[in-house]
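Please read it alongside the sequence and the structure.

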Amino acid sequence: MTGMRRWLYLMIRHRIIVLLLTCLTLAGGWWALKTLPIDSFPDVTPVRVEVDTEVDGLAAEEIEKLISYPIEQALLGIPRVTNIHSTSKFSLSVVEVQFDSDTDIYWARSQVFQQLSNATLPPGTQPGMAPMDEGTGQVYIYALTSQKLNNMQLRILQDFYVKPQLRVVPGVADVPMFGGFVMQFQISVDPRRLTALGLGMSDVINAVQNNNQSVGGNYVRRGSMQYVVRGLGLIRNVEDLKNTVIATPNGVPVRIGDVADVHLGPEDRQGAVSMNGEGEIVVGIVLKRLGENTAEVVQRVKDKLNELQARLNSGAHFNGLDTRDVKVVTVYDQSYIIDLSTHTVETALGAGVILVTIILLLFMGDLKVALIPIFANFFCIAVAFLLMKRFGLTANLLSLGGLALSVGMMVDATIMIVENVFRHVREVDHGTASQADVVVEGMTEIMSPTLFAVIVIIVVFAPVLTLKG
């Protein structure tokens, strides 16, 4: 215990410095508490990169053979990969690559992006990486409602106005859309008229593809002026599509409108979204980017939606749509769950600290004696918050709940040491020993059993730190 005695004497001699360091630790713990990311539950999602590929018309078997398997083979050999698995559905392939837990997500995404170029896929297939979100990343769901606009018009408003505005909000990974009808230019070909003119479906398809584009023609000079030449051919409305020429047999143009009914219509869909049994709605799901503060992201999204609500109701028209009665309705708000769960735990934590303080005052019988364990309790909590900040942990139901459960354990060792020290102070003749000697003697006498008790508690909880998966 010689080394321990020297260390204790050093602390007593420089107690002002120790007190200042303790105050700095308490202040740092308060700062860490105020700046910790707040979440409802800890994120247990592994470091993963998801590759999504859509190919219209292919069955699940063809998706597996032509898309999922080649992508899996191309991604083999990436360093630090722990698992690669895929899901193949009608028209959709999802390949998930999981990495070691300490892998940087941006490095992982860059590796996957580089390897995707080695996959041999059908022509026109473009695999893409899913947003960098979390397993609990659906932090906010909202709906657009209107008495004047139908679900197709609300979906247009959602896709081309609301969604782009929300995607630029800091911390938002993506905003998937559900519900409503996606507007399409639909061509219902009459096969009899087409056959009578000696044409086939491929002629109609090629005509649409070849005519729906704009090209550049360089520029021409006229005097001191330079004019840019443009070939404008993008289809803007139904009439443009009807007037598209398919062929010119015998010099007579055959247009799409001559062999087909062209109109606006909804895209075929696999499901619908309703709310409270009151009919269909159009919803957007806000996905939080990995590592962001959930409470802050949700607040930014709410602020942006309030801003968009004011613009929509200001009387302005978007793409010819009257948006004055459009309302943004909250369907799900994860910040409410966060506030509720953290408030519950904070209340339990505060009540535990108060109860421990009262018990210490009652049973130790001396205010000075009781203040030291109370102060040590707050010091331990401050250190816990600093460590949470250092290792990137969030303040959630489990982390704060663990602190609430450990309030009593954190002062056990302090109580034993303080009790023994004050016993020595009362019993020892101060004429023969200095106060520092008495304090050091009281601490060293009880240090070994106290240290052993603390080690036992650490060993009991150590297996929890080794949990994986």
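A salt bridge here is a side-chain nitrogen of Lys or Arg within 4 Å of a carboxyl oxygen of Asp or Glu. By this rule the count is 20 salt bridges. The model is predicted, so local features need pLDDT of at least 70 and side-chain atom pairs count only at pLDDT 80 or more, while totals for chains, interfaces and linings use all residues. Residues are numbered from 1 along each chain as its sequence is written, and side-chain values use heavy atoms, with hydrogens and water left out.

**Salt bridges**

| Pair | N to O distance |
|---|---|
| Arg 155 and Asp 159 | 3.0 Å |
| Glu 280 and Arg 269 | 2.8 Å |
| Glu 296 and Arg 300 | 3.4 Å |

Glu 280 and Arg 269 form a salt bridge. This pair links distant parts of the chain, with Glu 280 and Arg 269 both in the loop between strand S13 (260–266) and strand S14 (282–289), 11 residues apart. Helices (H or I, at least four residues) and strands (E, at least two) are DSSP runs, numbered from the N terminus. Relative accessible area is classed as buried under 20%, exposed over 50% and partly exposed in between (1.4 Å probe, protein chains only). Glu 280 is partly exposed at 32%, and Arg 269 is partly exposed at 33%.

Arg 155 and Asp 159 both belong to helix H5 (residues 151–167), 4 residues apart, about one turn of the helix. Arg 155 is buried, with a relative accessible area of 12%. In helix H10 (residues 294–312), Glu 296 and Arg 300 are likewise 4 residues apart. An α-helix has 3.6 residues a turn, so residues three or four places apart point the same way. Glu 296 is partly exposed at 43%, and Arg 300 is partly exposed at 28%. Elsewhere, salt bridges that share partners join Arg 48, Glu 50, Glu 96 and Asp 133 into one network.

**Aromatic rings**

Rings of Phe, Tyr and Trp (its six-membered ring) pair if their centres lie within 6.5 Å; planes under 30 degrees apart count as stacked, over 60 as edge-to-face and the rest as tilted. The count is 1 aromatic pair. Phe 99 and Trp 107 make up this edge-to-face pair, at 6.4 Å centre to centre and 75° between the planes. Phe 99 is buried at 3% relative accessibility, whereas Trp 107 is partly exposed at 31%.

A charge sits over a ring if NZ of Lys or CZ of Arg is within 6 Å of the ring centre and within 35 degrees of the ring normal. Lys 389 lies over the face of Trp 31, 5.4 Å from the ring centre. The charged end of Arg 390 sits over the ring of Phe 391, 5.4 Å from its centre.

Helix H3 (residues 60–75) bends by about 35° at Ser 68, and Pro 70 follows within four residues. The bend is the angle between axes fitted to the seven residues ending at a residue and the seven starting there. Buried residues of H3 include Ile 63, Ile 67, Ser 68 and Pro 70. The buried residues of H3 pack against strands S1 (48–54), S2 (81–89) and S3 (92–99) and helix H4 (105–116), where contact means heavy atoms within 4.5 Å. Just after H3, Gly 77 takes a positive phi of about 95°.

Gln 98 is found in strand S3 and is buried at 17% relative accessibility. Leaving aside neighbours within four places in sequence, Gln 98 has contacts including Pro 46, Arg 48, Arg 80 and His 85.
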